[in-house]
Amino acid sequence: FRSRLKFLVKDWGAETFRRVLEEQYLGHPLIDGPAPQAPGDGRRDHIGVYEQRDGRLYVGAAPTVGRMSGERLLQLADAAEHAGSGRLSLTAEQKVVVLDVDPARVDALIADLAQIGLAVEPSTFRRSTMACTGVEFCKLAIVETKGRAADLISELEARLPEYRLPLAVHVNGCPNSCARIQVADIGLKGIRALDAEGN
């Protein structure tokens, strides 16, 4: 979709593209203004502690490759409730965000999240590795993904404990790319391959 948009803007020009978008698709004019400011570290995954407009805080944490059991979800809900929050959100990067946190309860929330394996200050690898559902729950997948990605994170953390630069690793169980391997720094996908005997 992004590449198609790029060609449309190039072929039509930005003004025509905007007019078609507003009149034929949105039904209202786009609002002009400055783009939202990116976080200081250049990442947009909401990991860490940030101030909301109303003075309260939101806290983003990283489950390992997006894997959350039912028990951990209940523990997450309890931790959020103890922090005075009634709202949780999930991100497109497989992260969890606790909204409306009382500033006085942030440290306690961070400790509670750590107890259930949700890191507010994760390693680069834990922060930016994603995996699709994989063969465990998806009929289209060819390989197991979540366990492999978790093993990869552990190995990278052991070998490169001081590494801090952003590095997106996305692991996909088939060519369909639910884990968006094309936009990762390192994209891995499961495929069928023939051996020397043609099997």
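Reader: Is Asp-45 buried or exposed in this model?

Author: The model is predicted. Buried means under 20% relative accessible area. Asp-45 has 7%, so Asp-45 is buried.

Reader: Which residue meets the side chain of Asp-45 in a salt bridge?

Author: Start with the general idea. Side chains of opposite charge can pair when their charged atoms come close. Here the partner of Asp-45 is Arg-127, at 2.8 Å, N to O. Asp-45 sits in the loop between α2 (14-26) and β1, while Arg-127 belongs to helix α5 (residues 124-128), so the pair ties together parts 82 residues apart in sequence. Arg-127 also counts as buried, at 11% relative accessibility.

Reader: How many salt bridges does the structure hold?

Author: Eight. One of them joins Arg-56 and Asp-100, at 3.7 Å, N to O. This pair links distant parts of the chain, 44 residues apart: Arg-56 is in the loop between β1 and β2, and Asp-100 is in strand β4. Asp-100 is buried at 9%. Arg-56 is partly exposed at 35%.

Reader: Where is Gln-52, and which residues does Gln-52 touch?

Author: Gln-52 is in the loop between β1 (48-51) and β2 (57-61). Gln-52 is buried, at 13%. Leaving out residues up to four places away in sequence, Gln-52 touches Leu-57, Tyr-58, Leu-99 and Asp-100. Leu-99 is 47 residues away in sequence, yet the C-alpha atoms are 8.5 Å apart. A polar contact of 3.1 Å also joins the side chains of Gln-52 and Asp-54.

Reader: Which residues of α3 are buried?

Author: An α-helix has 3.6 residues a turn, so residues three or four places apart point the same way. In α3, the buried residues are Arg-72, Leu-76, Ala-79 and Ala-80. They fall within an arc of 95° seen down the axis, so they line one face of the helix. On the other side, Glu-71, Leu-74, Glu-81 and His-82 are exposed.

Reader: What do the buried residues of α3 pack against?

Author: They pack against β3 (87-90), β4 (96-101) and α4 (106-115). β3 and β4 pair in the antiparallel sense over four bridges. The bridge partner of Arg-87 is Leu-99, in β4.

Terms used: Residues are numbered from 1 along each chain as its sequence is written. This is a predicted model: local features need pLDDT of at least 70, side-chain atom pairs count only at pLDDT 80 or more; totals for chains, interfaces and linings use all residues. Side-chain values use heavy atoms; hydrogens and water are left out. Helices (H or I, at least four residues) and strands (E, at least two) are DSSP runs, numbered from the N terminus. Buried means under 20% relative accessible area, exposed over 50%, partly exposed in between (1.4 Å probe, protein chains only). Contact means heavy atoms within 4.5 Å. A polar contact is a pair of N or O atoms within 3.5 Å; within protein, one must be able to donate a hydrogen and the other to accept it, and residues adjacent in sequence count only if both atoms are side-chain atoms. The arc is that of the directions from the helix axis to the C-beta atoms. Two strands pair if DSSP finds at least two bridges between them. A salt bridge is a side-chain nitrogen of Lys or Arg within 4 Å of a carboxyl oxygen of Asp or Glu.
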